[in-house]
Each structure stands twice: as C-alpha cells, then as structure tokens.
Amino acid sequence: MQLAIDQPFNLAESLESGQAHRWNNLGDGWYSGVLGPWLIHVRQRCEGVEYRVAGAGDAPEPETLNRLLRSYFRLDDDIGAIYADICRDRRVSEMVSRYPGLRILRQEPWECTVAFICSATSNIPRIHQNMEAMADSLGDPLELDGEVRHTFASAEQIASAGEGFLRELGLGFRAPYVVAAARRVCDGELDLDELIRLPYPETKSRLMECYGIGAKIADCIAVFSLEKLQAFPVDVWVRRALAEWYFPMQKKPPDRVMVEWAQNHFGQYAGYSQQYLFHARRREGR
C-alpha cells in the first residue's frame, strides 16, 4: 500500500532520531514497527511511503491505515508554518537545512511514557532492548513476512507482572518506576488521554507526580505523545548543544534555566527546535 506525502518528510531521520524506540531497520530502506495492534513495514519512496501491515484480525481499510500513518508522522502539522517559526534561529535553520523532513512523531501515550521512564541514565540501544523485552514477554504476537513482533504491554499487564519480573527483563532500577506508573494508570490516578487536553504546565506537573518521572522525562512524554510542542526536554545532548552553541564561554546554566530560556527563545514550537538540536548534536557527537 502507498501513502502519498506532498510535504517535507524524511522517514529514516524521523525514525532514527531517538524519539521512538520500537523501530527496527530491516535494510533496503525498510523499517519494522508496531503501532497499536498492527505490525508495519514501511519505506520511503519518491512520492511518499510504501507499507505492508499485519494484525491479529482482518486488515483494515487502506484509508484507515493511511489515517494512522498520517497521524503518527504528524502530517497534519503545518510544517511550513513550523519551519518559518523555528528557522528564525540561525542554528536551528542550519539544522533544518541539514536534516529536512525530520518530523516529531505522535506516539501512543502509554508506550511513550514507559519508553522515557526507561531512558533514565540509559542510552538508545538499551531503551530499545527494554521496550522489546516487555513487548516480547507480555504482548500479543504479530507476524509479517516471516518477522514476529509483539504488541506493547498494557498498563494492566505490566502492573500484574510486577517489579521483580521487569528486573529480570533488564530494566534494573527503572523497574519500580514503570510499575508505579502502570498502577497509577490502572487506578485512574494518571489519565494520559486527559493530559492531552490539559495546558502544558499542568500536564508536566501531573506527570512529575509519578514516582521516577522528573522534568526531562515529563517533557519528553509531553512533546512526543501529549501534543505539547512547546515542551523542551533537556538531556545530555541538548545540554551540550545549548552550552556550546548558545552559552559559549559561560558557566553552564542549570537545566531549569535552560528550559525557561529555550521556551522563551524558541517559542510555541520549542519541541521541534529541540529535536533538531538533539539530532544534530548527537550525530556530530559520534
């Protein structure tokens, strides 16, 4: 099946930019990922993307899948207006020119929450391993073209599995944080869909009420799954980018000060600016 795309979009840069943690590079331009109940193989073509899909039941109508992908890749964003806004900054403009079509992804909130809890003092390959281990152990199997993947574990499945089980999967000290978040979701204390509708400051505050979720993790969840494009997560790569490119020859400010400065400087699409800075600094940092 095909999804036509008539705007700046780069599949590889978007999927490999540290936002989402269950995409595998299959080679020859193909990527494998699980979106909800669907195992999807996708690759970019000149006119858009080509994809194949398998699920537990009958395949949905092509337009249903097209809507899913358009939403996931945020093709409903006015990317022209976003670029015009963030490219007022010379450094971000340079990164947009270097990585045109890098998009923020609209992820499923529960899966995104778990992924970024797992990001605490970790790295991208290990986050991938943690997420895949939970899916393989607790999710439902899906098969496409000989590849078997699994749906991501629900909050109920993770809460029932418990901390010890997650430690056995390799989550380490992050295991109790993930279980605590799962229990809050199950108990109705953390309604992620409600957070989409709330203002950014309240969303961030609610997330930080969860055991193990600090400011950076809350901002990651907010921008990548809760429609808060003004959120500006500061991790090691962004900290280095800001210190080197915006605060040279100065004492490095605390993260809180950096976030406040960045949101004032970059404005309503600070999250897009952050993603370009993160991606560029991480690539160059290698």
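## Exercises on strand pairing and helix packing

In this predicted model, W38 has G55 of strand 5 as its bridge partner. The exercises below start from that pair.

**Exercise 1.** Find how many bridges join strand 4 to strand 5, and which way the two strands run.

*Solution.* Take the residue ranges to begin with: strand 4 covers residues 38-45 and strand 5 covers residues 48-55. Eight bridges join them, and the strands run antiparallel. Five strands make up an open sheet with antiparallel pairing, in the order 1-5-4-3-2. Strand 1 (2-4) and strand 2 (23-27) are the edge strands; each has a single partner strand, so one side of each lacks a neighbour in the sheet. On average, neighbouring strands of this sheet are turned by 30° against each other, direction ignored.

**Exercise 2.** Decide whether E50 is buried or exposed.

*Solution.* E50 lies in strand 5. Its relative accessible area is 17%. The cut-off for buried is under 20%, so E50 is buried. For the surroundings, leave out residues up to four places away in sequence; E50 then touches M1, Q2, W30, H41, V42, R43 and R45.

**Exercise 3.** Classify the relative direction of helix 5 and helix 8, then list the residues in their contact.

*Solution.* The axes of helix 5 (residues 109-117) and helix 8 (residues 175-186) come within 9 Å and cross at roughly 155°. Angles over 145 degrees count as roughly antiparallel, so helix 5 is roughly antiparallel to helix 8. The crossing is right-handed. Helix 5 contributes W110, V114 and I117; helix 8 contributes Y177, V178, A181, A182 and V185. By class, this contact has eight nonpolar, no polar and no charged residues.

**Exercise 4.** Repeat the analysis for helix 3 and helix 14.

*Solution.* The axes of helix 3 (residues 79-86) and helix 14 (residues 270-285) come within 10 Å and cross at roughly 75°. The range 65 to 115 degrees counts as roughly perpendicular, and helix 3 and helix 14 are therefore roughly perpendicular to each other. From helix 3, the contact takes I79, I82, Y83 and I86; from helix 14, it takes Y272, S273 and Y276. These residues divide into six nonpolar, one polar and no charged.

Key. Residues numbered from 1 in each chain as written. Predicted model: local features only at pLDDT ≥ 70, side-chain atom pairs only at ≥ 80, totals over all residues. Heavy atoms only, no water. Axes fitted to C-alpha atoms, helices over the stretch in contact; angles between N-to-C directions. Helix = DSSP H or I, 4+ residues; strand = E, 2+ residues; numbered from the N terminus. Parallel < 35°, antiparallel > 145°, perpendicular 65-115°, else oblique. Left-handed = near helix turned anticlockwise from the far one by under 90°. Contact = heavy atoms within 4.5 Å. Nonpolar A, V, L, I, M, F, W, Y, C, P; charged D, E, K, R; others polar. Pairing = 2+ DSSP bridges. Buried < 20%, exposed > 50% of the residue type's maximum accessible area, 1.4 Å probe, protein only.
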